[in-house]
Amino acid sequence: MDRYPTVADVTESARRLVSRFPGAGRLRRIGTSRAGRPILMLSVGHGPRHVLVVAGPHSDEPVGGATALALAERVARGEGRSPATDPSRVTWNLILCLDPDGATLSEGIEEATAGPDHALERYYRAAFRPVAAEQPEWAPIESRQLPESQALFDVIDELRPFLQCSLHSVDAGGSWVQLTRALPGLAVPFQESAAALGIPVQHGTYDALYWENPSPGIHVLPPPDATARLAAGSENIGRSTWCAPMRYDGVTAIVEVPLWATDLAEDLSPHPEAAGALRDLSALVREGGRQVTAVLDKARGFLPPPQESPPRRVLEWMADDLYDLVADSWEPLARRAATPEGAHLLTTAHISALDVVARRQPLRAAGLLLRLLAAADDPAAPALHRELDDLFLTWCEDFEKALRLRWVPVEQQVAHQARTVVAAAESALTTVG
């Protein structure tokens, strides 16, 4: 496997699997997207207990569909059977793509990341991630109920899964898992899988900045009354689809694998100047955001309006306060790192995780704006495109050099994510009983 499958590829492969294993697999529509696209779920096995796997929750994270197919194939074939993958005991239910509308706006990401060079700049030119209120897993936190979110909530209420696994991929860094409840049996197989495949384990991550961290790469949701949760904006995380299985004593595992890896993710040496590094990263994300927004300001008059253009909505959302929100969320860490007792608490791995975030935010915005400028017919568009493209290419080159990024082959991404999901299922089955 040298490239990610498209949503159409995943759907067709699921149909073929159902045909090859008659009676073992079923494919059904569980909902309809805002634009009328089907949301499909493949179920394999007939056991009374249920695992729910969610692929494609973020449209710029392409690995999940391939992992879902690999898991379905394993259960259908009876390969490496364990209690959790025994189809007479556990039914595996795999949502093939939770956000098919977003996926259509990331079409081309499969080609962009194929080929011998796996260019970072091609990825950011093709990638699209909607605003938070239009991301199915996150929208309920923003007090918005999407049909995609409701389809997932309905399936959770129907199946009452003892485990839900949400399949994510991070553009750069290492691999990690976020859990809504501790799974003591997961850490060792997760870390062994990463080591065997040469994928670094991420020590510290922006996504779980203040979560409990009982083992390297494993993060557990803080108690409901905790004042520090995700990096920012997640005070109402209990409304998310991640927490819904908790109503039935189930647990959710969010499994992240990197497209590009950096060995800095595993560097546990104390960062020699963490407070200064955090100040520099805050300035980096703010300045990058300012530069993209300056080009956006010049183009607003001829770009499609936000209500008609999802990429434009993302750009306006980011320009509004997202860059500052990201930078401000690091202030408590910077203050602590500036004290004598906190000077050596942050490792090189911690800082590298935040370095990824500081660099990718302006790149995401620039990639979307370049797309809109390339499609615009206004006479000013080509010059603005050249101006932004020069910045964009420099940022991509700096990103690769600063983090020493290396491509993780798709086959290894899929293998690690699938192994982690199975290990989570085995641990959850033992824990739940």
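Leaving aside neighbours within four places in sequence, Asp 99 is in contact with Arg 34, Gly 56, Pro 57, Ser 59, Pro 130 and Pro 136. This is a predicted model. Asp 99 sits in the loop between strand S4 (90-95) and helix H3 (100-105). Its relative accessible area is 2%, so Asp 99 is buried.

**Helix H8 against helix H11**

- Two packed helices are described by the angle between their axes and the distance between the axes.
- Helix H8 spans residues 274-299, and helix H11 spans residues 348-375.
- Their axes come within 9 Å and cross at roughly 5 degrees.
- Angles under 35 degrees count as roughly parallel, so H8 is roughly parallel to H11.
- On the H8 side, the contact is made by Ala 274, Ala 277, Leu 278, Leu 281, Leu 284, Val 285, Gly 288, Gly 289, Val 292, Val 295, Leu 296 and Ala 299.
- On the H11 side, the contact is made by Ile 351, Leu 354, Asp 355, Ala 358, Arg 359, Gln 361, Pro 362, Ala 365, Ala 366, Leu 369 and Leu 373.
- Sorted by class, the contact of H8 with H11 holds 18 nonpolar, 3 polar and 2 charged residues.

**Helix H11 against helix H12**

- Helix H12 covers residues 381-403.
- H11 and H12 pack at an angle of about 155 degrees, and their axes are 9 Å apart.
- Angles over 145 degrees count as roughly antiparallel, so H11 and H12 are roughly antiparallel to each other.
- The crossing of H11 and H12 is left-handed.
- The contact of H11 with H12 has 17 nonpolar, 3 polar and 5 charged residues.

- Val 357 belongs to helix H11.
- Val 357 counts as buried because its relative accessibility is 2%.
- Val 357 and Val 285 are 72 residues apart along the chain, with their C-alpha atoms separated by 8.1 Å.
- Val 285 is one of the H8 residues in the contact with H11.
- Thr 293 is placed in helix H8.
- Thr 293 has a relative accessible area of 16%, and buried means under 20%, so Thr 293 is buried.
- Not counting residues up to four places away in sequence, Thr 293 touches Ala 319 and Tyr 323.
- The C-alpha atoms of Thr 293 and Ala 319 are separated by 6.0 Å, and the two residues are 26 apart along the chain.

- Ala 14 is part of helix H1 (residues 7-20).
- With a relative accessible area of 0%, Ala 14 is buried.
- Residues up to four places away in sequence aside, Ala 14 touches Leu 27, Leu 42, Leu 69 and Leu 96.
- Ala 14 and Arg 26 lie 12 residues apart along the chain, and their C-alpha atoms are separated by 9.0 Å.

**The two faces of helix H7**

- Helix H7 runs over residues 187-197.
- Its buried residues are Ala 187, Phe 190, Ser 193, Ala 194 and Leu 197.
- Seen down the axis of H7, these buried residues fall within an arc of 140 degrees, so they line one face of the helix.
- The face of H7 turned away from the buried side carries the exposed residues Glu 192, Ala 195 and Ala 196.
- Gly 198 follows H7 and has a positive phi, near 70 degrees.

- Most residues other than glycine have a negative phi.
- Ser 143 is not a glycine, yet its phi is positive, about 65 degrees.
- Ser 143 is placed in the loop between helix H5 (120-126) and helix H6 (147-159).
- Ser 143 counts as exposed because its relative accessibility is 60%.
- Arg 404 also has a positive phi, about 50 degrees, although it is not a glycine.
- Arg 404 lies in the loop between H12 and strand S10 (406-407).
- At 57% relative accessibility, Arg 404 counts as exposed.

Note on methods
Residues are numbered from 1 along each chain as its sequence is written. This is a predicted model: local features need pLDDT of at least 70, side-chain atom pairs count only at pLDDT 80 or more; totals for chains, interfaces and linings use all residues. Side-chain values use heavy atoms; hydrogens and water are left out. Axes are lines fitted to C-alpha atoms, for helices over the stretch in contact, and angles run from 0 to 180 degrees between N-to-C directions. Helices (H or I, at least four residues) and strands (E, at least two) are DSSP runs, numbered from the N terminus. Angles under 35 degrees count as roughly parallel, over 145 as roughly antiparallel, 65 to 115 as roughly perpendicular and the rest as oblique. Contact means heavy atoms within 4.5 Å. Ala, Val, Leu, Ile, Met, Phe, Trp, Tyr, Cys and Pro count as nonpolar, Asp, Glu, Lys and Arg as charged, and the others, Gly among them, as polar. Buried means under 20% relative accessible area, exposed over 50%, partly exposed in between (1.4 Å probe, protein chains only). The arc is that of the directions from the helix axis to the C-beta atoms. A crossing is left-handed if the near helix is turned anticlockwise from the far one by less than a right angle, and right-handed if clockwise.
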